Structures are given as C-alpha cells and as structure tokens.
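Please read the following briefing beside the sequence and the structure.

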Amino acid sequence: MKEYNIRRIGNFIYRDVILLRGTITTALSVVSVLLFIVILFSLRKDHVVVPGEFMSVFNKLYIISGVLFIFSVLKETNTKASNHLYLTLPVSSYERITAIWFTTGILYTIVFSFLCFLVGQFAISVGSIFSETNFHPLPIFSEDYWQLIKFYFFIQPIFLYGAIRFNKNRMGKTLLSLLLIVLGLIFFNMMLYGMLNYGYDVFSGEELASEAFGLASKDFSGIEKVLFVGVFMSTMLLATYFKIVEKEV
Amino acid sequence: MIQIDNIRFYYPNSKVILNNVSLHFTTGNIYGLFGKNGEGKSTLMKIMTGLLFPKAGYCRILNENTFKRSVKCLQDVFIVPEEFELPGVKISTYERVNSTFYPEFSKDQFYKLIKEFKLSIDQKISTLSFGQKKKVLIAFGIATNTRLLLMDEPTNGLDIPSKSQFRKIMASSVDQGKCIVISTHQVRDLHSLINHVVILDNSNVTFDQPLSTISEYLWFGKPNQDDRASIIYSETSYGGKAVLMRKDHDETEVDLELLFNAVISQPDQINAILKNMYHDERV
C-alpha cells in the first residue's frame, strides 16, 4: 500500500477547502473590502497606486490572514470533538504534511495574491471613473512582494508546528515561542559578536564601533542565508511531521 | 482481524487504565464491549484505531500495528466516537469530501441509510440535533464498509424508536467479512444484536465469551426451590432473577444486564463454570 499518493493529497486539500469554505469566504470578503477602501484612499492623494502604498497594506493582510488560515486548517487536529475522525481518515502523515503545507503556502499565496490584484485593479478602475485617476496596472509584483512571500514561507512552518504542538491558546503560545526564539537569537548573536570582537572595544558606544556593529550585521553571505533559511524551514517542517505522527487524542 | 496482546495503558499522572489486556476480534461477529464508567472501554477503542499509543504490548489489524496509522490500516477501520463534531455542511457534501478516502465506500448504501434514518441528504449538519448527527455518522461508518467498525456508546443521544432502528440497521449490516465492536454501559441497548460479550473490569478483561457458549451453559430467570444450589448470582431488585448453571433447564435468552452484574460480582466463579463445562464436554 502506497503511503504517498498524489490523488489522496488532492482529495485531502479539496476536503480542507470545502469544509472551510465559509471561513475562507468571510475572511476573503473582509480582506477585499479593506483593500478596496485603502486603495481608493491612496488614489485620492496622487491618483496613482505606487508599489510601496500597495505593499504597506498587502503585507499586513497577507501575513495575518495566512497565520489565521494555518490555525483554521489545523483546528481539527486539536479539537477534542473532531480530532478522532480527522486522525483516523486514511491519509498518511507524509500526505497530511504535504497537503497542509501546499494549502497554507502555495495555494493560499496564489489565491490571496490573485484576489488582491483583482480587488486593487477594480479599485483603480472605480477611481478612474469617479476621479482624475488614469487607469494603470496595479504594481503587485514588486521586489517587496517577493521578499514578503519569502518571509511568509520562512515563518509558515513555525506556525504549522505551533498549530499542532499546542492544544490550547495555540496562536498566543506560538507567537510567544517565536518571540522568545528571536530574542534568544539576538542575545546569542550579540554575545558571540561581543566575545569575538572584545579586543576592539565594540560596546564602547563610539561612532566607529557602532558603524562596525552595523556592518557586521550586514556581513551575512547569501549562501549562509539560504542555508540558514533552508535548514530552519526543513527542520520545522520535519518537526511538524513528527508531531502529526505522534499526535494522540 | 484484530489482535491485542498484553496492552498496558495509562494517561499521564493517572492510574493504569488497561493492564495486560489481550483480546482477539474476528470477522463475522458483533462484539459487545461492556464495563463500568472509566474502565477503559473508550481507551481500548482509541488504541484499536491508533488514536492512542499503548505504553506496552501491541495492537494489530491484519498484522499492521495500529499506532502507525498506516493508510492500509485506516482504510479498514472506522470509529464512531462517543463525542464528536461534524462540519456545518450538507450531508451530501460531507459524504462527497470524506468518502473518497474509503475504497469500499458505497454511496447508495449511505443514501439508503440516511433515508432510513428519516434524514435528507440536503440537510445541513449544523441544523441537526446530536442524535441526528450520530445517525449521519453511523450511516457513514456502515457505508465505508471497513472490515472493522468500532462504535463507542452509539445509542447515547438516540431516542427510543431510534435505538430499535439502530439495532435493526446494525443487524442487517454485518456480514462474514466484517467485525463490529460496540462499546456501551447501557447493555440493554444491544439486546439481540451482539453475538459475543467482552467485559472490562479492574483494568483487565474479566469476561470474553460468545453468546452461544453463555446461553449453552448458563440459565437466566427466576429459580425454583430445587435450583438454589446452582445459583451463581441473584438480584432481589429484579423480582428474584438469577443466573445459574443451565444443566437440564431449557435454553434461555441471555439477560445481558444480569450477566454483566453477575460477572462484575462473581467473575472467577462464572469464568470457572464456563471453562470447566466447556472442558468437560470436550473430554
């Protein structure tokens, strides 16, 4: 018996989407209305939507909705009344993690971006009818957009893990854990930096030392960054997989 | 079908719920799993479906360890839990999104059972009462046609006509390829439905006998003066009904409630009688 079947993964994604369609529709409607209003407001000033204006609202909506979506998709896992039927569904843990990652990552990003593009374009069209705005394409695919997508895919496994790991106050506990990890990393880096550069008196508060500190933070080669992100994401996904395997009711 | 060997289980910071439990369930039978509250009936069912992992021993369905929750294993088992929550979608939608995972699922059978339970496939599950939701899940469980069907307190939440309807449907659903295990503390609800009795008490299997053996060697009813010596257990509150060795009496219908009480109060005596009589007959 195959423990990894693409068709079953497809069916599992379909199941999740259908069972959550009410929640998804409501959330997307709220996002659409908010985005529409914000874009109309931004058109009032200079009759054009620049990438920065769009991204300033898109990034907040995208991250918040994404995190909420992750917790909604995994709600069945931790709800005492529904996890019996969820966990006994004939789907392997590999298939579950693939389906959940795909739904909350790729599928979510495509649908959300497409919807925001349509709403934004519609807002520009409305603006061009009722004001001096010239019809122009919404600048969605900027460099900031791709940075945001990368950031979301970096944090997504952390929230997947938190959504399965914690039984109660899942979102709060995940955010708290994330903050503690970030604080720990900052403290560790500071300590390492201070130890390695102790002889240079880097914490004296002098301008030169501050400049050196700033430069040191930038001295993080591309390969190391990719490795760090890659290793971190894979580790978190692996940890999520094992949490699914070990999950009891 | 399902082999349970020396299972030991306890929840964190809790007493041992199941201690060295060994059982063997075979196809073609409807098992009644009885026990007092908190004796581990639901826990055993959860272990059988891989929802809980035993601390020691193993549970296998067709030679697959249940705790692995492999697709092969899960395609052969369905559980109707005591407490559950179904999504707020139409019955037909629920069937459409979940049935694809069960290769032997019969849509016709499901719709027939839904009709039999006086429900409509266009009804939204969120508008149904708990008992009606249970009927949807029971119908779905039967229609999956898994070889092992587990039901934890299936009659809880069902009204009186629905309980007899449930018995009728269950009786017609069993075939030689299926094994059904029904756990309940309301033994009367399974009257004339089960053909094997398993009783859990003191974290262990106290009684595990087919109904045919029970009715062959035990007699249930109001005893005469001559029967006093062979009384195993009697209850004054039930008009003096008693369990006694059958010997020359005509075969009686097994009174599950009386049997349960007798086993709980005299487990060793009853087991010894059944074992000795069976042995003597063989010799």
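In strand β2 of chain B, the bridge partner of B:I2 is B:F25, while in β4(B) the residue opposite B:I2 is B:I61. This is a predicted model, in which local features need pLDDT of at least 70 and side-chain atom pairs count only at pLDDT 80 or more, whereas totals for chains, interfaces and linings use all residues. Residues are numbered from 1 along each chain as its sequence is written, chains are lettered from A and ligands numbered from 1 in the order in which they are written, and side-chain values use heavy atoms, with hydrogens and water left out.

**Strand pairing in chain B**

- Strand β1 (residues 2–10) pairs with β4 (residues 56–61) in the antiparallel sense over five bridges, where pairing requires that DSSP finds at least two bridges between two strands and a strand is a DSSP run (E) of at least two residues, a helix one (H or I) of at least four, numbered from the N terminus.
- β1(B) also pairs with β2(B) (residues 16–25), in the antiparallel sense over six bridges, and these two strands form a hairpin with five residues between them, in whose turn B:N13 has a positive phi of about 55°.

**Salt bridges**

- The structure holds 10 salt bridges over all chains, each being a side-chain nitrogen of Lys or Arg within 4 Å of a carboxyl oxygen of Asp or Glu.
- B:E257 and B:R188 meet through their side chains in a salt bridge of 2.6 Å, N to O; B:E257 lies in helix α8 (residues 256–265) of chain B and B:R188 in the loop between β8 (179–184) and β9 (196–201) of chain B, so the pair ties together parts that are 69 residues apart in sequence.
- B:R188 is exposed, at 55% relative accessible area, with exposed meaning over 50%, buried under 20% and partly exposed in between (1.4 Å probe, protein chains only).
- B:K241 forms a salt bridge with B:D255, their closest N and O atoms being 2.8 Å apart; this pair links distant parts of the chain, with B:K241 in strand β13 (residues 241–245) of chain B and B:D255 in the loop between β13 and α8 of chain B, 14 residues apart.
- B:K241 itself is partly exposed, at 29% relative accessibility.

**Surface patch**

- A:F187, A:F188, A:M191, A:L192, A:M195 and A:L196 make a nonpolar surface patch of about 670 Å²; such patches consist of residues with over 30% relative accessible area and no salt bridge, nonpolar side chains (Val, Leu, Ile, Met, Phe, Trp, Tyr) being joined within 5 Å and like charges within 9 Å, with areas from the Shrake-Rupley method and a 1.4 Å probe, and for residues only the protein chains shown counting as cover.
- A:F188 is found in helix α8 (residues 170–196) of chain A and is partly exposed, at 43% relative accessibility.
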